[in-house]
Structures are given as structure tokens and as C-alpha cells.
Amino acid sequence: MNRIEQFFGTGALDTFKTPEAVVLQRSEMQSRADCPHQANLCVKYKDKIERHEVLPETGNQVHKLAKVAIKSNEHSLQDAADYITEELPKIRPDLQPEALRAGRNLANEIRRFEGSRLLLCEEPITRSLIPATQDTGEILVVSELDLVLATSKQDTIIVLDYKTGYKDRTNAEALDDFQTCVGSWDLWGKYPEVNTSHWWYLNTRLHTRSYARLERERDEENFGARIFEVARLYIEKSDEAWPEPKKCSMCDVTRWCKAADYEAKKLDGDPKSYIDAFVALEARYNDMDKIIKAACKDGRRLYGTGGYIDDSPKKKPSSRVSFKEVKS
Ligand code: SF4
């Protein structure tokens, strides 16, 4: 026991101790931002979740290769792209078809930015969200970005994030993505002189790009508020469920979730019956469609509750899924 504790009693020194910092990784926060219940179920059933290993493993391999290529060719993205192209055929043979498609596209995309100075390549960036108090440690938010480049303007940077999955984001989705939010916010903390970020998601498997332009003045405060709310849900161990058809149909834990969207749960429970039901429904839909079209040909208008059908041209082409027959 030291002199302070002799005088004030055991544990008195704890009053002066700062509690340990709480480090929140962007990837961990992501599922809380989508649906806190999903994050909890993913932890609970982590050993039972079925994983489709090819795409994630391809992603790891391509990211690893890109990191080595860029770090060893810091001054020329052209050389880094050449390195990726040359090394791709050495990737595991079982992953090669996917890896070659994604890696070659990534190399082509990286070439477009030749001449831009490298700032960061897959290094963690940390920013303080909430300072430490007597009872809780400082809350830090960490993200890791694939590639951050300087531009000819001192207040503008470029962020590239490569994706090897099946998701094709629109530009609006890229702007609203939680990763864009945390990454930009962390970057504004690291680079006080930066105002504008040109953010590109390179969807390497699909050969598409999604773009978002972020402005400090417009976005920083809003992003901070969103991150704060996710951190609160994380720290309070929230178990709220936020079902939505699109979200639940891509969720890994739909089968264990009592709140899942009805259709997503039916599809997850028995995909074959679900697709068979869809095909039967589609066949009936096609018959009904033909009959209604024929009935409206002469300018007749057919009324239902709250609306009608006539033969005026459709404004948008249909974006429905189509069933492809397997020839035996
Ligand atoms: S199925 Fe839907 S509601 Fe349930 S955990 Fe997944 S995303 Fe959340």
C-alpha cells in the first residue's frame, strides 16, 4: 500500500485512473448499423452459419496481393497494376477464375489513378468519438481503407475501396453506405485540411464503379451523429430487430430470427418450394397478363379497386427476376 492509499484508504488511487479506451472497429459496427439483432445472432450462431467461402476468400487473396503490389510500387500505380496482373496466376487454382476476373479489373481501375500520390494503403485510422469520463474510457472509432490518394488540390482526396462480392451499389447507395460514413469521418479527423473526398467503390467482380462525393461542411456533423448512435447501440448491447425484405434476404441468420421478413424467411426455409411457387405464380401472371392485354386492345379501360389498366405504354421497362429453365 502506498502513501496515498495509507492516507485515503485502499482503492483511492483508482479515482485518478482513466478507464481503458473502448475501440470500435468499423466492420464490427456495420452489422449494428444494419440491424442490432443480426449482430447478436451472428455472435450466437457463429459456428452454425453457412458460409460461401469462394467469394470472401477470393476477396482476401486479391486484397493481399493489391496491398503488396501498392506498397512495393509506392510511386507508380501503373507498376502496381502490372505487378497485380503478373502475380494473379499464382493465386490458389481453386480461386483463380473469380480472382482473375476481379484482379484484372482491379489492375485496370488502379491504372486510371496513375500520377496520384499514395497517402494510405490498408492502414487503420482512428478518431476519438467520445472523450473519457470518470466511469468510461474514451470511445475510439477505427476504419481501414484500401487506398487513399492525394490530388493536385490540397483539400481534396480520393478513396478507393475494392469489392469482390456480388453487390452492385448505386451512387446513392454508395453515399449512404455506413462504410463511406465512418471512413470519411475518420479521414476528416486525420487530415484537418481535407474538405472533399471522392469515394469510389470498385465492384471488381461486376466491372462496375459506384461513386460518392463527400463534403466536410455538409456531411461531417451528420456522419458523426450516425456513428454516435451506432456506438450507443453497441455499448448498450441493443437487441432491436429492424426487418426489411432486402436486408433479411441477405442476412446470414434469417433462420434463427423471429422478427425476419415473412417472404425472406419462407425463401430461407425452403428455397426449392419458394422458387416452384414463384414459377407457378409467374405462369399464372403471364396468362392473366395476356388476357388483360387482349381485353384492353380496343382502348377499353378495366377498373380494379383504386386503379385501372388500359393499353397506354408502360413508363419503365420491367425489372422483375426471370426464371431460366435448366435443359436436361
Ligand atoms: S432476418 Fe432481418 S430482422 Fe432478423 S436479424 Fe436478419 S436483418 Fe435483422
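Begin by colouring domain 1 and domain 3, whose centres, taken over C-alpha atoms, are separated by 36 Å in what is a predicted model. To make these selections, take residues 20-32 together with 117-238 for domain 1, 53-115 for domain 2 and 245-300 for domain 3, which is how the chain is divided.

Next, select helix α4, residues 54-72, and helix α5, residues 77-87, and look at how the two pass each other: their axes come within 8 Å and cross at roughly 140°. Because angles over 145 degrees would count as roughly antiparallel and those of 65 to 115 as roughly perpendicular, α4 and α5 are therefore described as oblique to each other. The crossing of these two helices is right-handed. Now show the side chains that make this contact, which are L65, A66, A69, I70 and S72 on α4, and A80, Y83, I84 and E87 on α5. Sorted by class, the contact of α4 with α5 consists of 7 nonpolar residues, 1 polar residue and 1 charged residue.

Then move to the ligand and display what lies around it: 14 residues surround the ligand, and the closest of them are C35, C248, C251, C257 and A260. Two elements, α3 (36-44) and α10 (245-249), are the ones that give two or more residues to this shell. Of the elements to highlight here, α3 gives the most to the shell around the ligand, with 3 residues. If you colour the shell by class, you will find 10 nonpolar, 3 polar and 1 charged residues around the ligand.

Key: Residues numbered from 1 in each chain as written. Predicted model: local features only at pLDDT ≥ 70, side-chain atom pairs only at ≥ 80, totals over all residues. Axes fitted to C-alpha atoms, helices over the stretch in contact; angles between N-to-C directions. Helix = DSSP H or I, 4+ residues; strand = E, 2+ residues; numbered from the N terminus. Parallel < 35°, antiparallel > 145°, perpendicular 65-115°, else oblique. Left-handed = near helix turned anticlockwise from the far one by under 90°. Contact = placed C-beta atoms within 7 Å. Nonpolar A, V, L, I, M, F, W, Y, C, P; charged D, E, K, R; others polar. Near = placed C-beta within 6 Å. Domains from an automatic or database assignment.
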